[in-house]
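This briefing concerns a single structural model and is intended to be read alongside the sequence and coordinates. Please consult the display below while reading.

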Amino acid sequence: MNVTALSEIEQARFNMVEQQIRPWEVLDQTVLQALFDVQRERYVPPAMQSLAFSDVELPLIINSVDTRETMLSPKVEARLAQEMQLKHTDCILEIGTGSGYQAALLAKLAQQVTSVEVDSRLAAFAVQNLQRNHVDNVKVEVGDAHSGWGTTEYDAILVTGSVPVVPDALKYQLRVGGRLVVVVGQNPVMTACRITRTSAASFDTKTLFDTVIKPLRGATISQFKF
């Protein structure tokens, strides 16, 4: 890549990948390409766009309302996506849609994403972002999915907020061979894990990396589909 010929925004994206994400052991070429293809700045609240490529969590302030949620830092988003070990034929459940960026990233790597968001304001913001960027293989639904969502089994599940313990219901929504990537623990000690369903009743857990992210918000809200 000829870095000198890049526009200012593409230079910032390149620097994000090379200086933040690749050093964080994100080396899967498909994931790295998705980070270039999915334009992160188009999922960031307008007031935050100058920080779209910064190594920080960004507050999700929608129409001057602070939702008290954040976008994860780019390196965490990328590492979580890589650890899901996705194939293009996979169907994914994402719990916690946020701005829709992580869902768009996963949609680039898989066949279909169902993303569930407990905050209807964020869900609407994510839908707007996904539609504007012509991402048509993400379905956003509103509700509390911290203990599972429906009865469908998925090839992979991502939880974008931390949980103190992993609900069994989530593990049983994996197909055999499916992977659940989730950050487990409580501040200040949290660990990202990948749980693989190895048979009908057996699971293998692998510790991935230490991090600290906001807890998953779980509140009972009526299920509403866009």
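The points that follow are grouped by topic.

The model is predicted.

**Strand S3 and its neighbours**
- Strand S3 spans residues 91-95 and is mostly covered, with four of its five residues buried.
- Five bridges pair S3 with strand S4 (residues 112-117) in the parallel sense.
- Between S3 and S4 the chain passes through helix H4 (residues 101-109), and this β-α-β crossover is right-handed.
- S3 also runs parallel to strand S6 (residues 154-159), to which four bridges join it.
- Isoleucine 92 has valine 113 as its bridge partner in S4, and isoleucine 92 stands opposite alanine 156 in S6.

**Helix H1**
- Helix H1 comprises 14 residues (8-21).
- From the first C-alpha of H1 to the last, the helix reaches 19 Å, close to the 20 Å expected at 1.5 Å a residue.
- The buried residues in H1 are Arg13, Phe14, Met16, Val17, Gln20 and Ile21.
- The cover over the buried residues of H1 includes helix H2 (29-37) and helix H3 (74-83).

**Aspartate 168**
- Aspartate 168 lies in helix H6, which covers residues 168-171.
- Aspartate 168 is classed as partly exposed because its relative accessible area is 47%, and the class lies between the cut-offs of 20% and 50%.
- The C-alpha atoms of aspartate 168 and serine 147 are separated by 7.9 Å, and the two residues are 21 residues apart along the chain.

Methods
Residues numbered from 1 in each chain as written. Predicted model: local features only at pLDDT ≥ 70, side-chain atom pairs only at ≥ 80, totals over all residues. Heavy atoms only, no water. Helix = DSSP H or I, 4+ residues; strand = E, 2+ residues; numbered from the N terminus. Buried < 20%, exposed > 50% of the residue type's maximum accessible area, 1.4 Å probe, protein only. Pairing = 2+ DSSP bridges. Right-handed = clockwise from strand over helix to strand, strands pointing away. Expected span 1.5 Å × (residues − 1). Contact = heavy atoms within 4.5 Å.
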